[in-house]
Amino acid sequence: MDSATSRASAPLGASASNGLKIVVVGGFGVGKTTLVRAVSEIRPLNTEETMTQAGASVDDTTGIDGKTSTTVAFDFGRITLDSRNVLYLFGAPGQQRFWFLWDRLFSGTLGAVVLVDTRRIDDSWYAIDRLEKHGTPFVVAINDFGGPDFAPAQIREALDLDPHVPLLRIDARSRESAKEVLITLVEHVATLYANHVQPSQELV
């Protein structure tokens with residue numbers, strides 16, 4: 001398995017000319033930073049800070065009591081697809097007090113991954129709502145934290161997902177699992193545009 005150290009010096013090819021932006025969103029502590037770290041070919045840039053007692057009084061840590069750090073701006077990673085195409089990954093902070101950053105992160109985005117923790121499934125509604133209002137294609141990935149094992153149909157109903165939105169399970173710690181989610185997203189975007197499905201461009 002690749003380590004962060006071995007990936008840190010991976011150079012970007014001089015012929016790379018097409019940067020594709022993907023945003024990873026979801027509730028607080030759902031594994032966004034972990035996913036970016038797992039799949040990035042470079043040592044990811046992150047803005048994690050140690051959680052303080054003051055922050056604990058603001059952020060809802062129900063079900064994630066062992067969390068000791070949190071993203072306060074965004075995570076950034078990179079994946080080279082071929083000599084010309086590069087994926088840039090941005091992991092958005094999950095706490096409500098940082099949601100004002102999301103609209104800027106969504107600008108120019110190819111698509112998004114919505115990470116879901118079944119122990120805190122309600123935390124995913126805001127991310128899905130914002131993506132739908134921006135007209136941004138997305139997939140939903142269930143990160144396994146040992147929570148309730150809901151059937152896919154139950155999760156779709158709980159999140160009010162359109163039938164065409166891909167839903168899959170993921171281990172955000174696994175590079176292969178994370179890659180599978182990104183491949184699914186790219187294929188989903190390609191299918192949408194091949195079928196001339198144009199998401200709403202309403203901005204609020």
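1. Strand 1 and strand 6 are paired in parallel through five bridges; strands here are DSSP runs of E with at least two residues, helices are runs of H or I with at least four, and both are numbered from the N terminus. Two strands count as paired if DSSP finds at least two bridges between them. Within this pairing, Val23 is opposite Ala112 of strand 6, and Gly26 is opposite Leu115 of strand 6.

2. The model is a predicted one, in which local features require pLDDT of at least 70 and side-chain atom pairs count only at pLDDT 80 or more, whereas totals for chains, interfaces and linings use all residues. Residues are numbered from 1 along each chain as its sequence is written, and side-chain values use heavy atoms, with hydrogens and water left out.

3. Asn18, for example, has Asn85 of strand 5 as its bridge partner. Strand 6 likewise pairs with strand 7 in the parallel sense, over five bridges; there, Val113 has Val139 of strand 7 as its bridge partner.

4. These pairings belong to an open sheet of six strands with the order 4-5-1-6-7-8 and mixed pairing. Strand 4 (75-80) and strand 8 (167-170) are at the edges; each has a single partner strand, so one side of each lacks a neighbour in the sheet. From one strand to the next, the twist averages 25°. In general, strands of a sheet pair through backbone hydrogen bonds, either parallel or antiparallel.

5. How many residues of strand 6 are buried? Six of its six residues are, where buried means under 20% relative accessible area, exposed over 50% and partly exposed in between, with a 1.4 Å probe and protein chains only. Cover is present on both faces: Gly111, Val113 and Leu115 are buried on one side, and Ala112, Val114 and Val116 on the other.

6. Helix 5 (residues 125-134) lies across strand 1, strand 6 (111-116) and strand 7 (138-143), and runs at about 165° to strand 6. Such angles run from 0 to 180 degrees between N-to-C directions, with axes fitted to C-alpha atoms and, for helices, over the stretch in contact.

7. Helix 7 (residues 175-194) contains Leu185, which counts as buried because its relative accessibility is 0%. Leaving aside residues up to four places away in sequence, Leu185 touches Ile22, Gly111, Ala112, Val113, Pro137, Phe138 and Val139; contact means heavy atoms within 4.5 Å. Leu185 and Leu110 lie 75 residues apart in sequence, yet their C-alpha atoms are 9.2 Å apart.

8. One cavity of 30 Å³ or more is found in a search of the whole structure. A cavity is a set of points, on a 1 Å grid over the protein atoms alone, where a 1.4 Å probe fits but cannot get out; lining residues have an atom within 4 Å of a point. The largest cavity has a volume of about 50 Å³. Its lining comprises 11 residues, of which Gly27, Phe28, Val30, Asp117 and Arg120 are nearest its centre.

9. For the chain as a whole, the secondary structure amounts to seven helices and eight strands. Of its 204 residues, 44% count as buried. Among contacts with a separation of 6 or more, 75% involve residues 24 or more positions apart.

How values were computed. On a 1 Å grid over the protein atoms alone, a cavity is a set of points where a 1.4 Å probe fits but cannot get out, and a pocket is an open set with protein on both sides within 12 Å along at least five of seven lines; lining residues have an atom within 4 Å of a point. Grid points are joined across faces, edges and corners, and a volume is the space filled by probe spheres set on the points.
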